[in-house]
Amino acid sequence: MKKALCAALVLSMTLALAGCAGGGQADTATETETTENSVAEETAEGEAAEAEDSTAEEDAAAEEAAPAEVMTHEEYMAADVDTLVTVESYVQGKQSWWENQATVYAQSEDGAYFFYNMECSEEDYEKLTPGAKIRVTGYKTEWSGEIEIMDGTFEFVEDGDEYIAEPTDVTELLGTDELINHQNEFVSFTGLTVEAAGQDADGNDVAFLYNWDGSGTEGDDLYFNASYNGETYTFTIESYLCDSTTEVYADVKALEIGQTIDMQGFLYWYEGVNPHITMVTVTE
């Protein structure tokens with residue numbers, strides 16, 4: 001009886017141990033499978049993330065490499081200030097160059113531009129001759145009423161196309177709100193009367209001043225006044241554009257109060273209309 005009971009007990013313990021061993025193997029297999037699945041998922045997620053990053057980098061590189069869309073003059077004028085813009089136009093006049101920066105007047109058939117401090121080598125500056133077509137990318141800015149593109153870069157557009165603007169007579173627009181629509185264009189004024197610009201040290205009226213307040217000397221900007229229909233306007237010889245060696249600089253210094261004159265120049269803006277004159281002709 002005891003032997004039978006002992007045998008039964010031995011058999012029960014053997015089965016129990018076998019059951020425990022079997023359960024441990026099952027748990028180990030499950031854990032191994034779970035770990036393998038987790039690693040596979042992490043690997044797939046990592047590969048997907050890398051692929052996504054690579055695609056984003058490729059898209060960014062493609063966008064950077066793609067040329068900017070060229071705006072019409074109307075689109076440019078409608079753009080917000082401080083917007084990055086790209087335009088194409090034709091050189092009409094060069095104001096200055098220093099430290100690899102150029103300031104240029106440009107005009108197309110649909111409107112005009114003023115490119116201020118445009119990145120430019122001295123060699124390329126020599127190539128910016130009237131009629132040359134350029135593509136400029138920079139920031140649209142406003143300074144005291146003057147709309148311009150500042151700190152831009154440019155490239156020549158070699159398509160054989162050239163354009164030299166004929167001056168638009170804006171005499172009748174003086175004093176009107178419409179005049180600003182021709183900002184930076186090459187324009188003309190006809191039949192204006194020279195007025196006193198100020199007084200000299202002896203208190204005599206003079207036809208021009210060195211600088212706006214008479215504080216300058218030979219070689220500085222010249223300021224002079226001319227009237228039309230009873231209203232007087234101020235005009236400037238910008239010395240960077242037309243220095244003291246130019247004919248127009250000498251012509252303005254020779255003006256006399258009461259003379260009738262015709263003029264040509266660029267319709268620059270500073271706290272109101274402030275044309276940069278390039279030619280003056282006395283007609284009476």
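**Charges and core**

Tutor: Asp251 lies in helix α4, where helices (H or I, at least four residues) and strands (E, at least two) are DSSP runs, numbered from the N terminus. This is a predicted model, in which local features need pLDDT of at least 70 and side-chain atom pairs count only at pLDDT 80 or more, while totals for chains, interfaces and linings use all residues. Residues are numbered from 1 along each chain as its sequence is written, and side-chain values use heavy atoms, with hydrogens and water left out.

Student: Is Asp251 buried, exposed or partly exposed?

Tutor: Asp251 counts as partly exposed, because its relative accessibility is 27%; buried means under 20% relative accessible area, exposed over 50%, and partly exposed in between (1.4 Å probe, protein chains only).

Student: How far is the C-alpha atom of Asp251 from that of Val282?

Tutor: The two C-alpha atoms are separated by 8.8 Å, with Asp251 and Val282 31 residues apart along the chain.

Student: Switching to salt bridges, how many does a search of the whole structure find?

Tutor: The search finds seven salt bridges, each being a side-chain nitrogen of Lys or Arg within 4 Å of a carboxyl oxygen of Asp or Glu. In one of them Asp159 pairs with Lys133, the closest N and O atoms being 2.9 Å apart. This pair links distant parts of the chain, 26 residues apart, with Asp159 in the loop between β5 (146-156) and β6 (168-169) and Lys133 in strand β4 (residues 133-143).

Student: And which of those counts as buried?

Tutor: Lys133 does, because its relative accessibility is 12%, whereas Asp159 is partly exposed at 43% relative accessible area.

Student: What about Glu155 and Arg135, how do their side chains meet?

Tutor: They meet in a salt bridge of 3.3 Å, N to O. Glu155 lies in strand β5 and Arg135 in strand β4, so the pair ties together parts that are 20 residues apart in sequence. A network of salt bridges links Glu155, Arg135, Asp159, Lys133 and Glu88.

Student: Now the core: which residues touch the most other members?

Tutor: In the largest nonpolar core, which has 35 residues, they are Phe189, Phe224 and Met263; such a core is a set of buried Ala, Val, Leu, Ile, Met, Phe, Trp, Tyr and Cys residues joined through side-chain atoms within 4.5 Å. Several elements each supply at least two residues of this core, among them β7 (186-195), β11 (222-228) and α4 (247-253), and β7 gives the most, with five residues.
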